[in-house]
Amino acid sequence: MKHLGTCIMALMCGLSVMDVQAEGPPAKNIHLLSSDEHKFILNLGQKVLPRDCYELWHGSGGQAQDGVYLIQPADSPIAVFCAMQDGGWTVVQHITVNSSVDFDRSWEEYKTGFGTLMGNHWLGNEYLHQLTSGPGRYKLGIKLVDKDAVTKTGEYDPVLVEGEEAQYRLRLGLFQGTAVDALTLDTENYLHDNQRFTTKDRDNDNYFQNCAKLEFQGVAGGGWWYDACAGANLNRRNVIYWQKDCNKEHLCKYAWMMVKPSDLVKVIHSRDCKKDEL
Ligand SMILES: [Ca+2]
C-alpha cells in the first residue's frame with residue numbers, strides 16, 4: 001500500500017508539473033525572470049491572485065517573506081519582487097551602482113520592463129500605471145543606501161503614473177522621509193512631479209536636447225520623468241542621483257522604488273475624526 005501511495009503521489013506530481021508547463025508562462029512580464037528562476041515564484045499556482053504585494057503581506061499577517069510573487073493589478077498576471085520585510089511594498093525599480101543591467105533603453109523597453117526581478121530592473125511603466133491607477137490610492141516609496149551602508153527613505157503620498165496616452169506622466173503628493181525630497185521640490189530648478197516620461201527614442205522633456213541621451217562619464221542618463229533635466233535620476237547607472245542624498249560627491253550604492261496602498265485610504269476610512277473648535 002505504501003508503495004502504491006508513493007506511485008500515486010508521483011503521478012499526481014507529474015501531472016501538476018505538466019499542467020503548469022501546458023499553461024505556458026504564468027506572467028506577462030516573464031522576460032524579467034530566466035527560465036531557471038521560474039521556480040523562485042513563491043505563489044506559483046495560487047488561483048486568485050492579489051493585486052499587489054501589500055495584499056499578500058496583509059493576508060499573511062505580516063509573515064510573508066521577501067521574494068518574487070505573481071500579482072494581477074489589471075487584466076494579466078505579472079511577476080514582481082515583493083519587499084515584505086518593509087511592510088508589503090511592490091518593487092518597481094532596483095538599481096546597483098555600475099549595474100551590469102543597462103538602463104539606457106527604449107520607450108518600449110521602459111514600457112514593459114527590463115533587467116531581472118532577482119536584481120536590477122525596471123518593472124515597466126505600463127505596470128506602474130496599472131498599479132497606481134487603483135482602485136484606491138497608492139504611495140511611492142524611495143529607499144537609498146549609500147557607500148557606507150547608511151539608508152535613507154522617503155514616501156510620496158499619493159502617487160499616480162498616468163497611461164501611455166499621457167506619456168506616463170508622474171503625479172506626486174506630499175513627501176515625508178529621512179531623505180530630502182528631490183522630485184517635488186525645485187531647489188535646483190528641476191521639478192519631476194507632473195513631467196512626462198522621456199527615453200532616448202522619445203523626447204518629452206523640457207530641454208532643447210533629449211535629457212535621456214545626455215552622458216556623464218560616457219554613460220547616458222536613461223529613461224526618467226525629466227524636466228530640463230534632473231534633480232534626481234535613479235536610472236543613471238554610474239551615479240545614482242538624488243539631489244542632496246546621492247550624487248557624485250556622496251555616492252550611493254543601491255536604490256529602490258516601490259509602491260503600496262496609500263495611508264490616505266486609512267484616513268478616509270477612519271471614524272474618529274474630531275472637529276476642532278475654531
Ligand atoms: Ca527635449
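## Cis peptide bonds

Cys229 lies in the loop that runs between strand 10 (219–220) and strand 11 (232–233). In this predicted model, the peptide bond leading from Ala228 into Cys229 is cis, with omega near 25°.

Another cis bond joins Gly134 to Pro135, with omega near 20°. Pro135 belongs to the loop between helix 4 (125–132) and strand 6 (138–146). Gly134 itself comes after helix 4 and has a positive phi, near 85°. As background, most peptide bonds are trans, and most residues other than glycine have a negative phi.

## Overall make-up

The protein chain contains five helices and 13 strands. Of its 278 residues, 40% count as buried. Among contacts between residues at least 6 apart in sequence, 57% join residues at least 24 apart.

## Positive phi outside glycine

Asn98 is not a glycine, yet its phi is positive, at about 60°. Asn98 sits in the loop between strand 3 (89–96) and helix 3 (107–112). Is Asn98 buried or exposed? Asn98 counts as exposed because 11 C-beta neighbours lie inside 10 Å, and a residue with 12 or fewer falls in that class.

Ala149 is also not a glycine and has a positive phi of about 70°. Its position is in the loop between strand 6 and strand 7 (151–161). Ala149 has 8 other C-beta atoms within 10 Å and is therefore exposed. Strand 6 and strand 7 form a hairpin with four residues between the strands, and Ala149 is the residue there with the positive phi near 70°.

How many of the residues of helix 4 are buried? Eight of its eight residues are, and the helix is described as mostly covered. The buried residues are Asn125, Glu126, Tyr127, Leu128, His129, Gln130, Leu131 and Thr132.

The elements against which these buried residues pack are strand 2 (78–83), strand 3, helix 3, strand 6, strand 7 and strand 13 (252–261).

Thr96 has Tyr254 of strand 13 as its bridge partner. With strand 5 (residues 121–122), strand 3 makes an antiparallel pairing over two bridges, where His94 is partnered by His121 of strand 5.

Strand 6 and strand 7 run antiparallel and are joined by seven bridges. In this pairing, Ile142 has Gly154 of strand 7 as its bridge partner.

Strand 7 pairs in turn with strand 8 (residues 170–177), antiparallel and over seven bridges. Here Asp157 stands opposite Leu174 of strand 8.

## The nonpolar core

In soluble globular proteins, nonpolar side chains tend to be buried together. The largest nonpolar core of this model has 65 residues. Which residues have the most contacts inside this core? They are Cys53, Val80 and Trp242.

Leaving aside neighbours within four places in sequence, Val80 is in contact with Cys53, Tyr69, Ile71, Thr90, Val91, Leu117 and Leu123.

## Pro26

Pro26 is placed in the loop between helix 1 (2–23) and helix 2 (53–59). With 19 other C-beta atoms within 10 Å, Pro26 is partly exposed, because a buried residue needs 20 or more.

When residues up to four places away in sequence are not counted, Pro26 touches Leu44, Leu70 and Pro77. Pro26 and Ala79 are 53 residues apart in sequence, and their C-alpha atoms are 8.3 Å apart in space.

Methods. Residues numbered from 1 in each chain as written. Predicted model: local features only at pLDDT ≥ 70, side-chain atom pairs only at ≥ 80, totals over all residues. Contact = placed C-beta atoms within 7 Å. Core = buried A, V, L, I, M, F, W, Y, C linked by C-beta atoms within 7 Å. Pairing = 2+ DSSP bridges.
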